[in-house]
Amino acid sequence: MIATTFNTAKSEEIFAAAQKLMPGGVSSPVRAFKSVGGKPIVFDRVQGAYIWDVDGNQYIDYVGSWGPAICGHAHPDVISALHSALDKGTSFGAPSALENVLAQMVIDAVPSIEMVRFVNSGTEACMSVLRLMRAFTGRDKIIKFEGCYHGHADMFLVKAGSGVATLGLPDSPGVPKSTTTNTLTAPYNDLEAVKALFAEHPDQIAGVILEPVVGNSGFIPPDAGFLEGLRLITQENEALLVFDEVMTGFRIAYGGAQERFGITPDLTTLGKVIGGGLPVGAYGGRKDIMSLVAPAGPMYQAGTLSGNPLAMTAGIKTLELLQKSGTYEYLDKMTKKLIEGLLAIASETGHEACGGHISGMFGFFFTKGPVHSYEDAKKSDLAKFGRFHRGMLEHGVYLAPSQFEAGFTSIAHSEEDIEKTLAAAKAVMANL
Ligand SMILES: Cc1ncc(COP(=O)(O)O)c(C=O)c1O
């Protein structure tokens, strides 16, 4: 597809109508393309590694519904399992055997998880785990990192990444100061800053929560020793370590970042992949901590649709597919080819860029780097990223519409898809 024939008339019409119906025309902010400019395309259907928009344009997709589509969109096995599940009803609001199956799969896979509670989104998982951290320790303060996003609950909307970074919102209005005074922040990859916070607030910090590999200020891996250091500091201070693996869980390894890096936190949050494209989140961890959750214990948390049979079904089938041998090696191989290719093209065409990947998660910045923190990520040339994003769209490649978001591949992405993507990048970067 080339720029001159790129027709998005129907997308524009639908998006214009949406603006009158929903704030910004969307159900979630980053979808509105505010940080890259231009109008978003409106999807019609998805399959495998591809998206089709309402004008009939086809794209190779590197967003994957923001992470869940690790087996490719609408995998036939997932769809077929859902068809069978549908015949039994859409919601039970009561125990089902499906919950046991997915719970056991999660417990078997994720080193820190001995017990799990299902919720409906990553936001819910994180806000619930925060309550649990406080209930268990009897302390109110938490430490989070600049540029890490843990959903949109009040206590986390402090120096958050994702859409908050994309839209340049400082902290959201409507979040009372009293709520966020207990949220302490440190730069990512800065152990000294964490130590200083613990020294400043002795016996007051319930724990540290982080994305063990950041995806919400672009892709930022932990420096060597960072996760180990956090494990040690939290233990020394009798505080909890929580990995928010909503993005990295079942994505960078079957057992998530904790398996990949060999560091076991006390609690973990999950989302995205475990729902296989349906709304699911989860939090879990040590049995002694999880036993505080109602009705086993006094910490209240509930949900009408939690453990929904359709969502459990999609999650179970997705995890089964991921268990096939070679899955993560394949994701790694494809993603390596993609990111190395992009960086080589940037260099050949005279653009400063840096980036990386782990398994099926990747990112690159238009700055020479290296990027260890959100402060580093902010040095990127955002206007250039916006032009690159639009150019790639016109060449049939759908990238996350923000410099501050990671990208995702799937087992449906073929070598040919990557080659086509790199050919598009070459054409676009030559004219940026
Ligand atoms: C690391 C992380 N935590 C939490 C969330 C919030 O999840 P959700 O959008 O499902 O509420 C996200 C969403 O992108 C995320 O990436």
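Let's start at Lys272, which sits in the loop between strand E9 (267–270) and strand E10 (281–285); strands here are DSSP runs of at least two residues, numbered from the N terminus. Keep in mind that this is a predicted model, where local features need pLDDT of at least 70, side-chain atom pairs count only at pLDDT 80 or more, and totals for chains, interfaces and linings use all residues. Residues are numbered from 1 along each chain as its sequence is written, and side-chain values use heavy atoms, with hydrogens and water left out.

Lys272 counts as partly exposed because its relative accessibility is 24%, and that class runs between buried (under 20%) and exposed (over 50%), using a 1.4 Å probe and protein chains only. Leaving out residues up to four places away in sequence, Lys272 touches Trp66, Gly67, Pro68, Val246, Met247, Gly277 and Val280, with contact meaning heavy atoms within 4.5 Å. UniProt, in an unreviewed entry, puts the feature "modified residue: N6-(pyridoxal phosphate)lysine" at Lys272; such annotations may be inferred rather than shown by experiment.

Now for the ligand. Residues surrounding the ligand include Ser121, Thr123, His150, Glu211, Asn216 and Lys272, each with a heavy atom within 4 Å. Lys272 has a polar side-chain atom 2.9 Å from a ligand oxygen atom, while Asp244 places a polar side-chain atom 2.6 Å from a ligand nitrogen atom. On its own the ligand exposes 390 Å², and the protein buries 81% of that, with areas from the Shrake-Rupley method and a 1.4 Å probe.

Note on methods:
Polar contact = N/O pair within 3.5 Å; in protein donor to acceptor, adjacent residues only side chain to side chain. Helix = DSSP H or I, 4+ residues; strand = E, 2+ residues; numbered from the N terminus.
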